[in-house]
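Open the model in your viewer and keep the sequence panel in reach. The stops below are given in the order in which to select them.

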Amino acid sequence: MNDIDHDIAGQNVLVTGGAGFIGSHIADALVADNDVTVLDDLSSGDRANVPEGATLRVGDVTDDADRASAMADADVVFHEAAVVSVSHSVDAPVETNRTNADATLALLEDARREDARVVIASSAAVYGHPEYVPIPEDHPTEPTSPYGISKLTADQYVRLYAELYDLPTVALRYFNAYGPRQAGGDYSAVISTFVEQALAGDPITVNGDGGQTRDFVHVEDIVRANLRAATTDAVGEAYNVGTGDTVRIDELAELIRTAADSDSPIRNVDGRPGDIRHSRADTTAARERLGFEATVALGDGLPTVPGL
Ligand code: NAD
């Protein structure tokens with residue numbers, strides 16, 4: 001992962017949320033050639049994820065002093081820090097908005113002062129229930145959670161700051177991320193849940209009929225998209241970051257059971273209310289304008305998930 005090709009060197013790089021899953025991989029890719037600072041409150045991240053050679057500042061992106069001092073002299077900022085749990089956002093919409101939307105806006109203001117380039121982590125959650133797949137960037141946006149609204153707000157400010165203030169900004173709408181250091185626990189994504197169940201020998205629980213489909217994108221590809229976004233001329237836009245391929249959730253359960261060499265039964269349980277049926281990125285704009293295309297197939301990426 002440290003040897004992903006890029007031409008970003010000699011820069012002051014800030015990675016917010018850089019002790020977390022995706023942010024720490026971005027820091028890994030850049031630390032050899034750049035001065036990398038990580039701003040993270042360690043709420044879900046782990047200081048052990050921060051690569052050697054990067055400076056960890058334990059602080060809160062919603063705190064003006066913490067954020068502004070981490071932003072001092074930054075050339076490029078990768079903004080990953082966020083409330084990441086959709087279900088937590090439903091319980092705590094105000095906190096979610098403060099962290100995901102307000103802090104992004106404040107960070108864009110800091111970037112204006114520092115003349116820094118900004119790449120933010122947006123999400124496929126901005127689309128809500130897709131009306132059709134694959135989903136292009138100009139698909140209607142009707143988020144179904146405070147998380148999705150907060151990400152859409154941040155994503156729109158990113159566009160506006162390029163337009164109004166000529167700030168070089170890009171929003172990356174990640175689809176379902178997976179890979180090394182992916183978090184487990186209560187809010188974990190479906191891959192982590194299936195892996196935990198398979199390793200424990202517990203039933204692998206598929207919500208509903210298992211015919212839902214998702215576009216899983218490996219964190220190595222997400223890092224590549226970020227590195228492209230940090231140098232592209234096609235700024236002021238949001239790009240999907242997915243593979244353009246999908247897997248059914250019941251097939252995923254089967255793949256993970258095999259990869260974990262597990263005897264767990266696969267059990268269908270109640271569907272989750274409001275669950276999205278199909279999600280799949282249209283990758284045309286990312287390919288044509290950003291020069292990014294995912295390279296890691298699910299079969300190759302799954303063995304890098306913790307536990308497999
Ligand atoms: P993560 O929880 O591993 O990383 C988030 C990091 O931000 C953590 O290290 C956490 O401690 C830190 N953080 C949270 N609130 C903070 C605050 N107020 N101040 C400072 N640090 C704070 O999650 P991740 O999966 O690596 O997500 C990274 C980004 O990608 C997030 O913005 C998330 O919304 C977005 N995203 C992730 C996925 C996915 O599938 N993982 C999909 C779409 C978008």
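The tour goes from the sheet to the helices, then to the core, the ligand and some single residues.

The model is predicted, so local features are given only at pLDDT of at least 70 and side-chain atom pairs only at pLDDT 80 or more, while totals for chains, interfaces and linings use all residues. Residues are numbered from 1 along each chain as its sequence is written, and side-chain values use heavy atoms, with hydrogens and water left out.

**The sheet**

Colour by secondary structure; helices (H or I, at least four residues) and strands (E, at least two) are DSSP runs numbered from the N terminus. Select the open sheet of seven strands, whose order is E3-E2-E1-E4-E5-E6-E11 with parallel pairing. Two strands pair if DSSP finds at least two bridges between them. Strand E3 (55-58) and strand E11 (237-241) are the edges; each has a single partner strand, so one side of each lacks a neighbour in the sheet. On average, neighbouring strands are turned by 20° against each other, direction ignored. Axes here are lines fitted to C-alpha atoms, for helices over the stretch in contact, and angles run from 0 to 180 degrees between N-to-C directions.

Leu 39 has Arg 57 in E3 as its bridge partner.

Move to E4. E4 pairs in the parallel sense with E1 over four bridges, and with E5 in the parallel sense over four bridges. Val 76 is the bridge partner of Val 13 and stands opposite Arg 117 in E5. Which residues point each way from E4? Val 76 and Phe 78 point one way, Val 77 and His 79 the other, and all are buried. Buried means under 20% relative accessible area, exposed over 50% and partly exposed in between, with a 1.4 Å probe and protein chains only. In a regular strand, side chains alternate between the two faces of the sheet.

**The helices**

Show helix H2 (residues 64-71), which lies across strand E1 (12-16), E2, E3 and strand E4 (76-79) and runs at about 170° to E2. Helix H4 (residues 93-114) lies across E1, E4, strand E5 (117-123) and strand E6 (169-174), at about 165° to E5.

Then select helix H1 (residues 21-30): 10 of its 10 residues are buried, so H1 is largely enclosed by the rest of the structure. Its buried residues are covered by elements including E1, E2, E4, E6, strand E7 (176-178) and helix H7 (219-229).

**The core**

A nonpolar core is a set of buried Ala, Val, Leu, Ile, Met, Phe, Trp, Tyr and Cys residues joined through side-chain atoms within 4.5 Å. The largest has 39 residues, of which Phe 78 and Leu 172 touch the most other members. A second, separate core of 21 residues includes Ala 111, Ala 116, Val 118 and Ile 120.

Centre on Phe 78. Beyond its neighbours within four places in sequence, Phe 78 is in contact (heavy atoms within 4.5 Å) with residues including Val 13, Val 15, Ile 26, Leu 30 and Val 119.

**The ligand**

Select the ligand and its surroundings: 28 residues surround it, the closest being Phe 21, Asp 40, Ser 44, Tyr 147 and Lys 151. The surroundings take in residues with a heavy atom within 4 Å. An N or O atom in the side chain of Asp 60 is 2.8 Å from a ligand nitrogen. A ligand oxygen lies 2.8 Å from a backbone N or O atom of Glu 80, and a polar side-chain atom of Lys 151 is 2.7 Å from an oxygen atom of the ligand.

**Single residues**

Select Arg 173 in strand E6. Is this arginine buried or exposed? Arg 173 counts as buried, at 6% relative accessibility. Its side chain makes a polar contact with the side chain of Asp 155 (2.7 Å). A polar contact is a pair of N or O atoms within 3.5 Å; within protein, one must be able to donate a hydrogen and the other to accept it, and residues adjacent in sequence count only if both atoms are side-chain atoms.

Next, select Ser 192 in helix H6 (residues 190-200), also buried at 6% relative accessibility. The Ser 192 side chain makes a polar contact with the side chain of Gln 182 (3.0 Å) and reaches the backbone oxygen of Ala 183 at 3.0 Å.

End at Glu 52, in the loop between E2 and E3. Glu 52 is exposed, with a relative accessible area of 79%.
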